[in-house]
Amino acid sequence: MDTAEAGRSSGVKSVVISGGYIQEEPLKQLCRRVDAIKVDLKAFSEKFYKEVVNGELKPVLNTLVSIRKQGTWNEIVYLVIPTLNDSDQEFKSLAQWVKTELGPDVPLHFSQFHPEYLLKNLPLTPVPTLERAKAICDAEGLHYVYIGNIPGHPAETPTAPSAAAWWWSASVSR
């Protein structure tokens, strides 16, 4: 938080990337000091969070709602893992929740999974699966749905209001 404050006083923007597990009061303090928060939503399923993440989905959803209430720019990245969190129903439920709880303008990025670390036994996420996820969310009324980890894909570049474009350009330049 000290770094974010120092950066802000010098005109430097700060972004936090989080798994979404943070208590309410520290989150409020953080929201007052940073310009954006990107939450890596692991799935939209309690079963996935319990069995794969060894955690709970509800605290992450509460964090997303709290960030939105604080007025801090937020985006969601959802790593689509074949056979684990890639069902049409999960995508549809996610889209409906985002639209209802956060609003249709919160950017949602579906990223391609690459088999590494603990999940080497699963395949790369097929591009049509990512396109299907985007299509489902578009149909549910979300305005800014993107596909990530597929360089050059037409749905990769954000068209959301300036903060999303800023976020994207900052992440590409890393």
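Trainee: Strand β2, is it buried or exposed for the most part?

Mentor: Strand β2 covers residues 36-41, and five of its six residues are buried, so the rest of the structure largely encloses it. Bear in mind that this is a predicted model.

Trainee: Which strands does β2 pair with?

Mentor: On one side β1, residues 15-18, pairs with β2 in the parallel sense over four bridges. β2 is also joined to β3 by six bridges, and those two strands run parallel.

Trainee: Which residues stand opposite each other there?

Mentor: S18 stands opposite V39 in β2. I37 stands opposite N74 in β3.

Trainee: What is the strand order in the whole sheet?

Mentor: The sheet is open, has five strands and runs β1-β2-β3-β4-β5, with parallel pairing.

Trainee: Moving along to β4. How many of its residues are buried?

Mentor: Five of the five residues in β4, 108-112, are buried, and the strand is mostly covered. L108, F110 and Q112 point one way from β4, while H109 and S111 point the other way, and all are buried.

Trainee: And how many bridges join β3 to β4?

Mentor: Five bridges join them; β3 spans residues 73-80, and the two strands run parallel. L79 has S111 as its bridge partner in β4.

Trainee: S111 again. Why does it count as buried?

Mentor: Its relative accessibility is 10%, so S111 counts as buried; the cut-off is under 20%. Leaving aside neighbours within four places in sequence, S111 is in contact with V77, Y78, L79, V80, L130, G148 and N149.

Trainee: Now the helices. Which strands does α6 lie across?

Mentor: α6 lies across β3, β4 and β5, and runs at about 165° to β4.

Trainee: At what angle does α6 pack with α5?

Mentor: Helix α5 (residues 88-102) and helix α6 (residues 127-139) pack at about 40°, with their axes 9 Å apart. That angle makes α5 oblique to α6. The crossing of α5 and α6 is right-handed.

Trainee: Which residues meet there?

Mentor: From α5, D88, F91, K92 and A95 meet T129, R132, A133, I136 and C137 of α6. By class, that contact of α5 with α6 has five nonpolar, one polar and three charged residues.

Trainee: How do α2 and α4 pack?

Mentor: α2, residues 24-33, and α4, residues 58-70, pack at an angle of about 40°, with their axes 10 Å apart. α2 and α4 are therefore oblique to each other, and their crossing is right-handed. The contact is made by E24, L27, K28 and C31 of α2 and T63, S66, I67 and Q70 of α4. By class, the contact of α2 with α4 has three nonpolar, three polar and two charged residues.

Conventions
Residues are numbered from 1 along each chain as its sequence is written. This is a predicted model: local features need pLDDT of at least 70, side-chain atom pairs count only at pLDDT 80 or more; totals for chains, interfaces and linings use all residues. Side-chain values use heavy atoms; hydrogens and water are left out. Axes are lines fitted to C-alpha atoms, for helices over the stretch in contact, and angles run from 0 to 180 degrees between N-to-C directions. Angles under 35 degrees count as roughly parallel, over 145 as roughly antiparallel, 65 to 115 as roughly perpendicular and the rest as oblique. A crossing is left-handed if the near helix is turned anticlockwise from the far one by less than a right angle, and right-handed if clockwise. Contact means heavy atoms within 4.5 Å. Ala, Val, Leu, Ile, Met, Phe, Trp, Tyr, Cys and Pro count as nonpolar, Asp, Glu, Lys and Arg as charged, and the others, Gly among them, as polar. Buried means under 20% relative accessible area, exposed over 50%, partly exposed in between (1.4 Å probe, protein chains only). Two strands pair if DSSP finds at least two bridges between them.
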